[in-house]
Every structure is written in C-alpha cells, then in structure tokens.
Amino acid sequence: MTNLDVSKLLRNVAAAYRIKDEQKYRFQIIAYDKAADTLENSPTELRELFKEQKLGDLPGVGPSIRAHLEELLTTGKVKHFEEVFSSIPEAVFTLLDVPGFGPKKAYRLVTEFKLKNPKSVVADIRALAEQGKIDPLDGFGKKSQDDILTRIEEYGRGKTKTARMALPYAGELAKKMLAYLKECPAVEQVSPLGSLRRRKETVGDIDIAVASSEPAKVLQHFVDYPHKERIIEKGDHTSSILVSSGKQIDLMVQPPEAFGSLLQHFTGSKDHNVHLREYALSKGLSLSEYGIKKRGDESGKLTHYSTEEKFYAALGLQWIPPEMRENTGEIELAKKNELPTLLELKDMKGDFHLHSSYPIEPSHDMGNNTMEEMIAKAKSLGYSYLGFSEHNPSISKHTSLQTKAILEKRKEFIEQLNKKHNKSIRVFSLLETDILPNGNLAIDDDAISLLDATIVSVHSSFGMNRDEMTKRVLKGLSHPKAKILAHPTGRLINQRPPYELDWAKVFAFCKEHHKALEINAWPLRLDLNDVLVREAVKQGVKLMIDTDSHSLEEMDLMEYGVSVARRGWAKPSDILNAMPYNDLAKWFSM
DNA sequence: GCCGTTTTCGGCCCGACTGTTTTCAGTCG
C-alpha cells in the first residue's frame, strides 16, 4: 500500500463525512483532507515511518488518525473507516476522480439509480445521461445532464482531478498563453501562478493572473483563445478553458492596484494561505484576493496592494519566495526576518553531468555533441568549469584492458582541452559509473584511477528492497574516487516510482565521507526531490545540480534543478557547483 | 480531529462560478 493509496483512503473518509453530515463533521473533514495532503507529499513510505515510530511527526496526523494508520498497517483495515463507509456504496468513491463530481452529486446519483458496480459506474452514469434520465431529477436539469456527459467524455480522455503534468511541460503551455494574452492591449501585467510559480515538480491546472483596468476585455480575449477546446466557465473576475491535450488553464483578472493580493492569493499553496489567514486573523485582519480588511468591518473598507512585497509587509512579514510557500515554517521565519537567501540560477558556475559524443563505447546512451561544442555552450552560460560524465564503457563488450585504454586516451584528450582553453574554463575528467547490484563499480580501480573523480548511479535491478539498496549505494559511494550519487532515487515522474533508500543513513554517510548528492535537472527526474533536499540541507550534506545533458539545448535545463534546490531551501553555500573553482577543486581532492 | 506568540480548550480562511433556484447547494481553488 503506497502513500498515495492511503492518501486516497483518507480523502474517502472526508468525502464520506461530507455525505453523512457536512456541518456536524466539518472539522473532521478538514482534518482528514489535511492528513491526506501530508501523506501525498511525504517522500518516505508510511511503513518506514511506522517502523521508526514517526507517524505522529507528520503535520496533520494527531493521536486519532495515527492510531487508525497503525491499525491499517498492522491488520490491513481500519474498523472506524469501515463503519464510516458502511452506508455508502463503493461506486461513489470511483466517481470522485471525475472532474465536476463531488461527494454529494456522486452519492445522489449512485443511490438514486442503485449503481452497485464501481467498475462500471462511470459508464452507467453516461448511459443514464444519454437516455435523458438525469434531467428530471430534483436539483438537476438539462444543463447539468449535458455537463455530466461532457465531463465524463473528458475523463475518458485522461482529464482527472488528480492528473498532473511535469513542470517543464506546464511551463511551455503557459508560455504560449502568456504570449497570446500580451496581444490584448487591455493586459497591463501578466504572471503565471499556482504550483507553476511555486515551481513544483508537477502541475495540475495552469493558473495565470492579469492586471487590467478592463477585465471584461481581457476575459473575452482569453476565452477566444484559438487553441481552446471549450470554455469551462466565464465570470467577471475569472475564467477557465480546456485546451487540446486536456489541460485546464485558469485566468484571474484584477485592476493593477490590487495585483499584489491577487498574485499572493493564487500562488498559494492552499496550506500557506490558510496559515497566513489564521495568522492575520490573530492580528484582527481578514485576507482575500482583493486585499486586507479589518475583521468584522462590514462596511468593507478594503486596502489594496499593488505588489506582493507590500502585501506581506502589511502583515509584518518579509516577502516569501514562492518556492517556499508550502506552510513548512516559512511564515514563522518571515516574522523574524530570518528567511534564508535562496540559491539562484545566476549562482551556478558549472555542470558536471554532461554526456558528450566522445567515442567511449558506453554502457548506455551517449551524447550528440562534441566536448568542444559543450565547452562553448558552457562558456555562453557563464560557467567557469564543467565535467564530462559519459557512461562507463560497456563491460560486456570490453576487457578491463580495453576499458583502461579507452579512458587513457580520453584523459589525454581532456588534458589537451584544458591546455587549449588555458584556465578560461576548467574541464574535469569524470565518468558516470554504474553501481552493480552487489555494490561494486562497473569498471575496475586501474581504470577509475585515470579519472579526476566519478559520478556513480544505479541503472539496473531497481526492485531491491530498502536495506539492500542502501547497502548497494553506500558500497558504491565508498570508493575513494566516487564523489557524487547521480539521480539518487531513480524515479521518472509519472512513469517509474523511486527506489527506497534509508535516507538517515545516506545523509550521515555523505556528510562523514565528503560525498555529494545530485539534484538531477532532467525534467522527468528532478531527484533528489525538494523534500529530501530540505532534509539534506538541514543535515549539512552537499548537493550538486546537474543537467544530465545529452545535447547542447539540454544544458539550458539547469533552471529546473535550481527550482528543486530552492524548494528545498538551499543556499548557494549548500551547492558544490555554485562554488568558486578553487574551493571546488579542493573538495574533489578531499 | 488537530493544534498552540490566544498553548491542553476553544477555535478552525475566503471567495468565484454554475445551475437550479426564489435564496442556495455543490464544486473548485
């Protein structure tokens, strides 16, 4: 049972309470939803937290929910949940992932038509709508019947409430929309919001804010977007459209004088805003996307804020970078004026995970561009150093003598490059070496000794359990030349789950033996992830942000790795390749 | 059911939009 499964279970409990008596269970609903959020974002599997008696440390998990989770992990079920679910057909919960279906509507339709089969419930409802049997129901009508058909059709094409796209994909969609919006003369300022602005690794809907004195014109321009599939809703302040590819774009418009509070509100996260509003209430202030007013002041005297800086300042807070707005202590630090100065893209001085086309006869894919081309690109990015890390020569196709010969030749080649560029940029001779299932490195010591250092990583046998995998990785890292663990969890976003490691052990090992963990900027990897970066930073473990580029264009992806680092509250001093050359060379020699 | 610069009880964010409604319920963020 994964964290996501358990998270869904808790959401179902909240949904069940909504169906039973939304008023009576009001606060239980909030509590279960919050605990579900926490679990969804926890990088550590529940079972491990349970083993270490740390379930109660999760925010939103108190004595009651903790006891239920323990029961779930021990016996596979929870008595209390079964009681809550007992009067509600299972099919209700299946419907909840279809956009437009909340607990009430799902329950009403399922019970009205006695739909028992969770596997066919979506198709059953579609059939009923097609036969016109929903229209006559109390509280429904022709329009909601049609809406149900539209939503189910879109659901069938992959639009669900929980589907999220990788950050760079969302970035591209947003870029096109921003360009389109700027064509409208009424648009004065425009900015992406929500998880896209917070640079979360995945994005659900794309949220965009516009400052304009003529909202109606902007909203009309927006819903006229030529690549839209349909308009989901259109109001006086906000509108939503569906674009081809089944993604939703939401637009919010405010006059320029209120743009700051709009940015703040729709950047979120929800938890950050809830906490911020509770904090404001304690000072007698009430917050909304329109501004700030005194609590209980019904005359509605509202103060507007044109920038976020002014909005936060009005609450006595430092401006908080969007990447930090996840309600994990940032508001408390902002009160004390103690927010860390986060890493920025311009701090980056090099890239160490680069695959050139150098003929190394590698074990995995090789790069498209020559070392010289990649050096020129690195210079254009303002870097002062870089490292080449092709995959090690294939061990099945080479004897160790052949491997050594290849690497000797490559070493000389890189020495020539260094001579030629005469310190205008420094080139490190690295390699990405496989850690074999037994923990040995794929090539032998004679070959490795020819390198400045090596990146090590796992490319096979992902199915090992946590203890075996931890042993394997630490054994690989313990080689004196092994300095960096690349893409440390092996996950591919939306495609392959991470393998489990004992992070306490890994962090302690890295700290003691001067090893670094990579933040891989490749958009589908982005691991180490934000939550683990934050923990590594706390423990004093050094990190390195690399693009894992196989071509020149990919070297521009560094910004995504920097985003992960910022979401993990990393400062420039936490990142090895934000260091000056001399400090870095010293670290490599340690 | 959770939680603490209002700390072990008494609170718990704020609003938009749609559809079916004569004043609100449901969904969503």
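Which helix lies across β17 and β18? Helix α23 (residues 558–567) does, and its direction is at about 150° to β18. This is a predicted model.

**Surface near DNA strand B**

- Around DNA strand B there are 47 residues, and Gly62, Gly100, Asp205, Ser282 and Tyr290 come nearest among them.
- Divided by class, this surface has 17 polar, 16 nonpolar and 14 charged residues.
- Sugar or phosphate accounts for 77% of the atoms of DNA strand B within 4 Å of the protein, and bases account for the rest.
- Asp205 has a side-chain N or O atom 2.6 Å from a phosphate oxygen of DNA strand B.
- Two or more residues of the surface come from each of α2 (26–41), α4 (63–75), α7 (103–112), α9 (142–156), β5 (228–234), α14 (270–282) and β8 (285–288).
- The element that gives the most is α14, with five residues.

**Five-stranded sheet**

- Five strands form an open sheet with parallel pairing, in the order β14-β15-β16-β17-β18.
- β14 (432–434) and β18 (543–546) are the edges; each has a single partner strand, so one side of each has no neighbour in the sheet.
- On average, neighbouring strands of this sheet are turned by 40° against each other, direction ignored.
- Four bridges link β18 to strand β17 (residues 516–520), and the two pair in the parallel sense.
- Asn520 has Asp546 of β18 opposite it.
- The helix from the opening question, α23, lies across this pair of strands.

**Three-stranded sheet**

- A further open sheet has three strands in the order β11-β12-β13, again with parallel pairing.
- β11 (350–354) and β13 (426–429) are its edge strands, and each pairs on one side only.
- Three bridges hold β11 and strand β12 (residues 385–388) in parallel pairing.
- Gly350 has Tyr385 in β12 as its bridge partner.
- Helix α17 (residues 371–380) packs on this sheet and touches β11, β12 and β13, with its direction at about 150° to that of β12.
- Helix α18 (residues 400–421) also packs on the sheet, where it touches β12 and β13; the angle between its direction and that of β13 is about 170°.

**Hairpin of β5 and β6**

- β5, one of the elements that give two or more residues to the surface near DNA strand B, forms a hairpin with β6, with three residues between them.
- The two strands run antiparallel, and five bridges join β5 to β6 (residues 238–243).
- Lys234 has Ser239 in β6 as its bridge partner.

**Aromatic pairs**

- There are 17 aromatic pairs in the structure.
- One of them is formed by Phe428 and Tyr581, with ring centres 6.0 Å apart and planes at 50°, so the pair is tilted.
- Phe428 belongs to strand β13 and Tyr581 to helix α24 (residues 581–589), so this pair ties together parts 153 residues apart in sequence.

**Backbone exceptions**

- Most residues other than glycine have a negative phi, and most peptide bonds are trans.
- Gly268 and Ser269 are joined by a cis peptide bond with omega of about -5°.
- Ser269 sits in the loop between α13 (259–267) and α14, and α14 is the element that gives the most residues to the surface near DNA strand B.
- A cis peptide bond also runs from Asp527 to Leu528, with omega near 5°.
- Leu528 is in the loop between β17 and α22 (530–539).
- Asn327 is not a glycine, yet its phi is positive, at about 55°.
- The loop that holds Asn327 is the one between α15 (308–314) and α16 (330–335).

Notes: Residues are numbered from 1 along each chain as its sequence is written. Chains are lettered from A and ligands numbered from 1 in the order in which they are written. This is a predicted model: local features need pLDDT of at least 70, side-chain atom pairs count only at pLDDT 80 or more; totals for chains, interfaces and linings use all residues. Side-chain values use heavy atoms; hydrogens and water are left out. A residue is near a molecule or strand if one of its heavy atoms lies within 4 Å of it. A polar contact is a pair of N or O atoms within 3.5 Å; within protein, one must be able to donate a hydrogen and the other to accept it, and residues adjacent in sequence count only if both atoms are side-chain atoms. Ala, Val, Leu, Ile, Met, Phe, Trp, Tyr, Cys and Pro count as nonpolar, Asp, Glu, Lys and Arg as charged, and the others, Gly among them, as polar. Two strands pair if DSSP finds at least two bridges between them. Axes are lines fitted to C-alpha atoms, for helices over the stretch in contact, and angles run from 0 to 180 degrees between N-to-C directions. Contact means heavy atoms within 4.5 Å. Rings of Phe, Tyr and Trp (its six-membered ring) pair if their centres lie within 6.5 Å; planes under 30 degrees apart count as stacked, over 60 as edge-to-face and the rest as tilted.
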